Amino acid sequence: MTDMTAAHFHGKAVIVTGGGTGIGRATARTFAEQGARVLVVGRTADRLAETAAEAPGIQQLATDVSAPGAAELIVNTAREAFGRIDVLVNNAAVVRQTPLGDAEREAAEEMLAVNLLAPVHLTQAALPHLSETAGVVINVSTAIGQRGWPFTGGELYAALKAALDTLTRSWAVRFAPSGVRVVGVAPGPIATPIGQHQGLDAEQLEALRTTLIEHVPLRRVGRAEEVAFWIAQLARAEAGYTTGVVLPVDGGALVG
Ligand SMILES: NC(=O)c1ccc[n+]([C@@H]2O[C@H](COP(=O)([O-])OP(=O)(O)OC[C@H]3O[C@@H](n4cnc5c(N)ncnc54)[C@H](OP(=O)(O)O)[C@@H]3O)[C@@H](O)[C@H]2O)c1
């Protein structure tokens with residue numbers, strides 16, 4: 001058995017929001033391949049079913065993380081299925097263009113609800129269970145945008161990720177006495193359906209990719225597995241002295 005497939009998470013239970021596609025799917029698969037039982041959450045049952053088919057031990061729950069009562073439903077489902085919660089990955093997010101001067105209230109409020117408030121409610125609901133297992137919360141942020149979003153329209157998306165990073169640091173301190181760690185992972189541009197999910201066509205996607213990799217010293221987009229690798233590493237017991245940090249997984253974008 002290689003290190004990558006060793007059963008680091010045997011007997012552990014993991015929740016991954018946005019687990020039907022992209023980074024969430026790769027994260028669910030990575031944890032499952034290392035022995036965890038995983039609950040993937042998203043709005044689209046078909047996507048979740050595809051993830052569940054990729055590795056044994058993955059169960060699915062189709063729900064909108066921003067719906068009232070969703071946090072409690074997700075936590076109760078995981079507890080009933082697994083009897084415990086060891087890792088919560090707050091990964092689900094939407095990108096809505098909201099340039100100042102032309103920002104629609106509905107789009108802004110959807111992003112606020114999904115990208116920031118849902119992780120707050122879900123972490124709150126999971127905390128008593130994470131305290132029982134010396135668990136880990138992993139918030140998925142963004143590397144591009146840490147110094148301000150470089151393109152028109154994504155400023156609010158970046159601001160909400162910055163707020164999530166502040167929660168990562170604050171919660172790390174607050175929950176440390178309970179033995180719960182809180183960390184973040186900040187991806188650079190990663191090849192996932194995130195562009196399609198915000199309605200970009202093939203030409204726009206290619207233009208965006210070209211622009212984004214100009215910000216990346218390694219001059220390529222990353223793979224979802226390259227982000228999932230670090231999410232899983234940070235959740236391991238061996239990472240037990242690491243809390244309150246947001247790790248860039250960005251091809252050097254932050255230092256470039
Ligand atoms: N790809 C990148 O370049 C990049 C860069 C930096 C940061 N990130 C971050 O990485 C994370 C994953 O993104 P990704 O690239 O993997 O994009 P993605 O494929 O669009 O994944 C987002 C997932 O979230 C789910 N989701 C969206 N709204 C939801 C809701 N209200 N309730 C439940 N699930 C919801 C989506 O599934 P449904 O639509 O089926 O619900 C989808 O599976 C996000 O936090 C994103 O901000 C990505």
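Residues are numbered from 1 along each chain as its sequence is written, and side-chain values use heavy atoms, with hydrogens and water left out. Because the model is predicted, local features need pLDDT of at least 70 and side-chain atom pairs count only at pLDDT 80 or more, while totals for chains, interfaces and linings use all residues.

Let's start with the ligand. There are 30 residues around it, and Thr21, Thr44, Tyr157, Thr192 and His197 come nearest; a residue is near if one of its heavy atoms lies within 4 Å.

Now for polar contacts, meaning pairs of N or O atoms within 3.5 Å. Threonine 21 has a polar side-chain atom 2.6 Å from a ligand oxygen, and histidine 197 also places one 2.6 Å from an oxygen atom of the ligand. For lysine 161, a side-chain N or O atom is 2.9 Å from a ligand oxygen.

How much of the ligand does the protein bury? The ligand alone exposes 880 Å², and 95% of that is buried by the protein, using Shrake-Rupley accessible areas with a 1.4 Å probe.

Next, helix H4, residues 105–133. Helices here are DSSP runs of H or I, at least four residues, numbered from the N terminus. The expected span is 1.5 Å times one less than the number of residues, so the 29 residues of H4 should span 42 Å, and the end C-alpha atoms, 40 Å apart, agree with that.

Notes
Polar contact = N/O pair within 3.5 Å; in protein donor to acceptor, adjacent residues only side chain to side chain. Helix = DSSP H or I, 4+ residues; strand = E, 2+ residues; numbered from the N terminus.
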